[in-house]
Amino acid sequence: MNSKLIRMLIVDNQHNNRLKKALQEKGIQVEWKEYLNIAKKEIDNSSFDLIVSDYYLPDGRGTELIKYVRCFSSSNKKTALVILSG
């Protein structure tokens with residue numbers, strides 16, 4: 001059994017405690033940030049296995065995270081990224 005802790009960053013201005021709790025119950029460590037700029041700071045200071053972002057954020061677009069992670073984050077270059085809209 002793989003005991004590696006999965007680290008996930010969710011970037012969405014509509015915080016969902018039920019989703020966060022459900023993920024944590026599955027053994028996923030979840031960080032939730034509501035703003036693009038705050039998420040970038042978190043990305044600079046931590047590494048993640050998965051980053052999920054809303055497309056529309058109060059201070060930018062979630063797609064900006066793709067460029068930021070791929071160009072400027074040495075610890076997250078291979079991190080899976082998912083951008084959602086809805």
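Q: Which residue in β3 is the bridge partner of Leu9?
A: In this model, which is predicted rather than determined by experiment, the bridge partner of Leu9 in β3 is Ile51.

Q: And how many bridges join β1 and β3, and in what sense do they pair?
A: Strand β1, covering residues 6-11, and strand β3, covering residues 50-54, are paired over four bridges, and the sense of that pairing is parallel.

Q: What order do the strands of the sheet take?
A: The order is β2-β1-β3-β6 in an open sheet of four strands, with parallel pairing. The edge strands, each pairing on one side only, are β2 (28-33) and β6 (80-84), and from one strand to the next the twist averages 15 degrees.

Q: Which strands does helix α3 lie across?
A: Helix α3, made of residues 63-72, lies across β1, β3 and β6, and its direction is at about 165 degrees to that of β6.

Q: Switching to pockets, what volume does the largest pocket have?
A: Its volume is about 160 Å³, and its lining includes Met8, Trp32, Asp54 and Leu84. The elements giving two or more residues to that lining are β1 and β3.

Q: How many of the lining residues are nonpolar, polar or charged?
A: Seven residues of the lining are nonpolar, three are polar and two are charged.

Q: What follows α1?
A: The helix α1 is followed by Gly27, which has a positive phi, near 90 degrees.

Terms used
Residues numbered from 1 in each chain as written. Predicted model: local features only at pLDDT ≥ 70, side-chain atom pairs only at ≥ 80, totals over all residues. Heavy atoms only, no water. Pairing = 2+ DSSP bridges. Axes fitted to C-alpha atoms, helices over the stretch in contact; angles between N-to-C directions. Contact = heavy atoms within 4.5 Å. 1 Å grid on protein atoms, 1.4 Å probe; cavity = no way out; pocket = protein on both sides within 12 Å on 5 of 7 lines; lining within 4 Å. Points joined across faces, edges and corners; volume = space filled by probe spheres on them. Nonpolar A, V, L, I, M, F, W, Y, C, P; charged D, E, K, R; others polar.
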